[in-house]
Amino acid sequence: MSSKSYFEEPGEDSSKLAKKAKDSPFMIVGMAGFVVAGLIGAYKYRHRGTMSTSVFLMQLRVAAQGTVVGCLTIGLAYAMINEHVLKKSDENKLNKQ
């Protein structure tokens, strides 16, 4: 049996999450949006009227996934602008000096 543990230490979890938040902050926002969409869906489930459960859950899944994809798209666009557009303007300022 391997000495490698399949369970993480309590401190490792927070450091991995902090590293991921620093690398891609919009992924964390997307995950939070997914949880919020789920909580709103759980609340609205009781007041769905005559809509069947399967249709309601399909609509909720699409809303939650759309939230995550939207946040990741915004994050990707933000990273590309920082890397390509703003970096070039910083280089131009340094060359002029």
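This is a predicted model: local features need pLDDT of at least 70, side-chain atom pairs count only at pLDDT 80 or more; totals for chains, interfaces and linings use all residues.
**Stop 1: the whole chain**

Start with everything shown as a cartoon. You will find 3 helices and 0 strands, and following the sequence gives the pattern α-α-α. How much of the chain is buried? Of its 97 residues, 8% are buried.

**Stop 2: two annotated spans**

Take residues 26-43 to begin with: the span is 100% helix and 0% strand, and its end C-alpha atoms lie 25 Å apart. Residues 63-81 are also 100% helix and 0% strand. For this span, the distance between the end C-alpha atoms is 27 Å.

**Stop 3**

Select Met31, which you will find in helix α2, the stretch made of residues 25-45. Is Met31 buried or exposed, or something in between? With a relative accessible area of 43%, Met31 is partly exposed, because that value falls between the 20% limit for buried and the 50% limit for exposed. Met31 and Leu72 are 41 residues apart in sequence, and their C-alpha atoms are 9.8 Å apart in space.

**Stop 3: a pair of rings**

The structure holds 1 aromatic pair. To see it, select Tyr45 and Phe56 and show their side chains: the ring centres are 5.7 Å apart and the planes meet at 55°, so this pair is tilted. Where do the two partners sit? Tyr45 belongs to helix α2 and Phe56 to helix α3 (residues 53-96), so the pair ties together parts that are 11 residues apart in sequence.

Colour the two residues by accessibility and compare them. Tyr45 has 32% relative accessibility and counts as partly exposed. Phe56 has a relative accessible area of 10%, so this residue is buried, as the cut-off for buried is under 20%.

**Stop 4: a charge over the ring**

What lies over the face of Tyr45? Arg48 does, at 4.2 Å from the ring centre.

Conventions:
Residues are numbered from 1 along each chain as its sequence is written. Side-chain values use heavy atoms; hydrogens and water are left out. Helices (H or I, at least four residues) and strands (E, at least two) are DSSP runs, numbered from the N terminus. Buried means under 20% relative accessible area, exposed over 50%, partly exposed in between (1.4 Å probe, protein chains only). Rings of Phe, Tyr and Trp (its six-membered ring) pair if their centres lie within 6.5 Å; planes under 30 degrees apart count as stacked, over 60 as edge-to-face and the rest as tilted. A charge sits over a ring if NZ of Lys or CZ of Arg is within 6 Å of the ring centre and within 35 degrees of the ring normal.
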